[in-house]
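I opened my notebook beside the model today and wrote down what I looked up. Here are the entries, in the order I made them.

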Amino acid sequence: MSPPFPFVIQARQGQARRAVLHTVHGPVQTPAFAPVGTQATVKTLEPRDLHEAGCDLILANAYHLYLRPGYRLIQALGGLHEFMQWSGPILTDSGGFQVFSLAHRRRFDDAGVIFQSHLDGSWHKYTPALTMEIQESLGSDIAMVLDECAPPHDRDYMRASLERTCCWAETCREAHTRKDQALFGIVQGGIHEDLRVASATFLAQLDFAGLAIGGLAVGETKQEMYRTLAFTCPVLPEDKPRYLMGVGAPDDIVEAVHHGVDLFDCVMPTRIARNGSVLHPAGRLNLRNSVHATAEVPLQSDCSCYTCHHFTRAYLHHLTRCKEISGLRLCTIHNVTFMQNLMRDIRQAIQDQVWIEFRQEFQARYQIPDQAARHAAHKTLGPESRS
């Protein structure tokens with residue numbers, strides 16, 4: 001019998017792989033990047049913009065949709081696809097990161113988490129079974145188990161947290177009943193090899209449709225993240241997709257693909273666009289800088305996006321400095337398209353067996369932002385961190 005969500009590997013070079021993940025709402029070509037649509041929308045964009053950019057997969061957040069407008073309402077209105085008018089695959093994050101980032105506004109035990117809403121102060125009990133009920137009601141194509149995103153360097157806390165996370169994963173697996181929805185487990189363990197291996201080994205026994213790597217880009221250095229991927233990916237099942245949660249800087253994606261990761265999501269491309277920064281093959285451009293004020297060239301001469309086909313850097317500089325909404329939207333269109341083009345080029349390089357050369361060329365030209373900016377772009381420790 002074929003698996004319910006076939007993951008077909010089409011090419012490999014080293015640990016990098018090019019594949020297709022099949023879902024009810026269509027295939028996802030991997031490696032793939034999913035723009036983040038936390039509250040059933042990718043900020044400033046419409047579904048047609050995402051289709052034009054080449055997106056296969058987008059992400060929404062169960063925590064936020066549970067609080068507003070309510071998952072039962074979305075279910076009554078036809079489910080998340082109908083609600084937001086997106087016809088492609090959707091991945092829903094359980095919201096574990098958001099709940100645990102509430103700090104003084106939550107307390108937890110082995111049964112779940114009691115937290116205070118950041119919207120109105122009301123108290124809620126969030127359990128593994130409830131996260132499954134929410135995501136099944138939303139009707140996403142890929143659902144995530146509830147996990148705890150613990151501090152990556154605190155080994156003693158991480159060990160206790162990992163026991164709880166493994167228990168919750170087992171509960172989610174038992175509670176999940178929707179056959180047309182793929183359920184992914186989440187490997188935790190911080191930067192500690194033995195804990196990551198133990199987590200991956202336990203989750204593999206539960207036969208999830210895929211496994212995610214959580215708890216990275218939350219305070220560790222780049223080299224710590226890459227080292228963690230180097231010892232985690234080899235112990236994950238070969239025949240299932242691997243999803244690196246919340247990581248989306250182009251340089252991090254290239255390194256993660258090199259270690260064997262297939263799926264990514266991050267707020268970075270859309271968030272920095274709203275702050276006047278755009279992605280470019282040589283690194284980020286800050287459109288607020290005066291050097292762009294008279295530049296009669298597009299953001300990127302070979303970019304396929306609407307923004308680059310119609311507007312100059314000078315015009316976008318003007319919109320950004322004036323804080324015009326159209327400027328935020330045009331920058332977001334470019335950044336989302338840039339990420340999809342990057343993933344397309346990565347897939348082609350693996351297919352053509354020139355991945356090693358592609359990676360070397362990318363590393364030679366792409367200027368990496370400073371470390372502080374990287375962490376700010378990846379995640380902000382608060383309930384809006386995936387917005």
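**Entry 1: the sheet**

I began with a facing pair: A143 stands opposite L183 in β11. The strands here, β10 (residues 142–144) and β11 (residues 182–187), run parallel and are joined by 3 bridges. I count strands as DSSP runs of E with at least two residues and helices as runs of H or I with at least four, numbered from the N terminus. Two strands pair if DSSP finds at least two bridges between them.

A note on what I am reading: this is a predicted model, where local features need pLDDT of at least 70 and side-chain atom pairs count only at pLDDT 80 or more, while totals for chains, interfaces and linings use all residues. Residues are numbered from 1 along each chain as its sequence is written, and side-chain values use heavy atoms, with hydrogens and water left out.

Next I traced the whole sheet. I found 8 strands in an open sheet with parallel pairing, in the order β4-β14-β13-β12-β11-β10-β6-β5. Since β4 (32–35) and β5 (58–61) are at the edges with a single partner strand each, one side of each has no neighbour in the sheet.

**Entry 2**

How many bridges pair β4 with β14? I found 4, in the parallel sense, with β14 covering residues 263–266. A34 stands opposite D265 in β14. From β4, A32 and A34 point one way and F33 and P35 the other way, and all are buried (under 20% relative accessible area, 1.4 Å probe, protein chains only).

**Entry 3: two helices**

I then looked at α7 (residues 155–175) and α8 (residues 193–204), which pack at about 5° with axes 11 Å apart. The axes are lines fitted to C-alpha atoms over the stretch in contact, and angles run from 0 to 180 degrees between N-to-C directions. The helices are therefore roughly parallel to each other, a label for angles under 35 degrees. Among the residues that meet are L162 and C166 in α7 and F202 and L203 in α8, where contact means heavy atoms within 4.5 Å.

**Entry 4: the cores**

Which residues touch the most other members of the largest nonpolar core? They are Y126 and I346, out of 112 residues. Such a core is a set of buried Ala, Val, Leu, Ile, Met, Phe, Trp, Tyr and Cys residues joined through side-chain atoms within 4.5 Å. Helix α14 (residues 325–351) gives the largest share, 11 residues. Apart from this core I found another of 5 residues, including M158 and L162.

How values were computed:
Parallel < 35°, antiparallel > 145°, perpendicular 65-115°, else oblique. Buried < 20%, exposed > 50% of the residue type's maximum accessible area, 1.4 Å probe, protein only.
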